[in-house]
Amino acid sequence: MKQDIHPDYHFITVTMTDGTSYPTRSTYGKEGAVLALDIDPRVHPAWTGGNAHLLDRGGRVSRFNAKFAGFTKK
């Protein structure tokens, strides 16, 4: 392995949106840095599944479903 080409891998503290924090190792910042998250798995709908719904704008979803209604999963 080549010397002096890898980033410094050190401990930082990650602070979640609710104020909780945990230590982890990262290449972010310098030793002891604090990474404050704006979005995290506890509040983001992509992870929580909250209030996610499909909007059918202009009938696009309806047209798609009608066009491919004859296809079945194999």
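Student: Before we start, what should I know about the model and its numbering?

Tutor: It's a predicted model, where local features need pLDDT of at least 70 and side-chain atom pairs count only at pLDDT 80 or more, while totals for chains, interfaces and linings use all residues. Residues are numbered from 1 along each chain as its sequence is written, and side-chain values use heavy atoms, with hydrogens and water left out.

Student: Okay, which helices and strands does the chain have, and in what order do they run?

Tutor: There are two helices and three strands, and from the N terminus on they run β-β-β-α-α. Both kinds are DSSP runs numbered from the N terminus: helices are H or I with at least four residues, strands are E with at least two.

Student: How much of the chain is buried?

Tutor: 11% of its 74 residues count as buried. Buried means under 20% relative accessible area, exposed means over 50%, and partly exposed is in between (1.4 Å probe, protein chains only).

Student: Let's zoom in. Where is serine 26?

Tutor: Serine 26 sits in strand E2, residues 21–26. It counts as buried because its relative accessibility is 18%.

Student: What does serine 26 touch?

Tutor: Leaving out residues up to four places away in sequence, serine 26 touches Asp8, Tyr9, His10 and Ile12. Contact here means heavy atoms within 4.5 Å. Also, a polar atom of the serine 26 side chain lies 2.9 Å from the backbone nitrogen of tyrosine 28.

Student: What about glutamate 31, is that one buried or exposed?

Tutor: Exposed, because its relative accessibility is 56%. You'll find glutamate 31 in the loop between E2 and strand E3 (34–36).

Student: Which residues does glutamate 31 touch?

Tutor: His10 and Phe11, not counting residues up to four places away in sequence. The glutamate 31 side chain reaches the backbone nitrogen of phenylalanine 11 at 3.5 Å. There's tyrosine 9 too: the C-alpha atoms of tyrosine 9 and glutamate 31 are 8.5 Å apart, though the two residues are 22 apart along the chain.

Student: Switching topic: how many aromatic pairs does the structure hold?

Tutor: Two. Phenylalanine 64 and phenylalanine 68 form a tilted pair, 4.8 Å centre to centre with 50° between the planes. The pair of phenylalanine 68 and phenylalanine 71 is tilted because the planes are at 40°, with ring centres 5.7 Å apart. Rings of Phe, Tyr and Trp (its six-membered ring) pair if their centres lie within 6.5 Å; planes under 30 degrees apart count as stacked, over 60 as edge-to-face and the rest as tilted.

Student: Where's phenylalanine 68 in the chain?

Tutor: In the segment after helix H2 (60–67). Phenylalanine 68 counts as partly exposed because its relative accessibility is 34%, while phenylalanine 71, at 64%, counts as exposed.

Student: What do the ring pairs link together?

Tutor: Phe64, Phe68 and Phe71, as a cluster. Phe64, Phe68 and Phe71 also make a nonpolar surface patch of about 350 Å². Patches are made of residues with over 30% relative accessible area and no salt bridge, joining like charges within 9 Å and nonpolar side chains (Val, Leu, Ile, Met, Phe, Trp, Tyr) within 5 Å. A salt bridge is a side-chain nitrogen of Lys or Arg within 4 Å of a carboxyl oxygen of Asp or Glu.

Notes:
Accessible areas come from the Shrake-Rupley method with a 1.4 Å probe; for residues, only the protein chains shown count as cover. A polar contact is a pair of N or O atoms within 3.5 Å; within protein, one must be able to donate a hydrogen and the other to accept it, and residues adjacent in sequence count only if both atoms are side-chain atoms.
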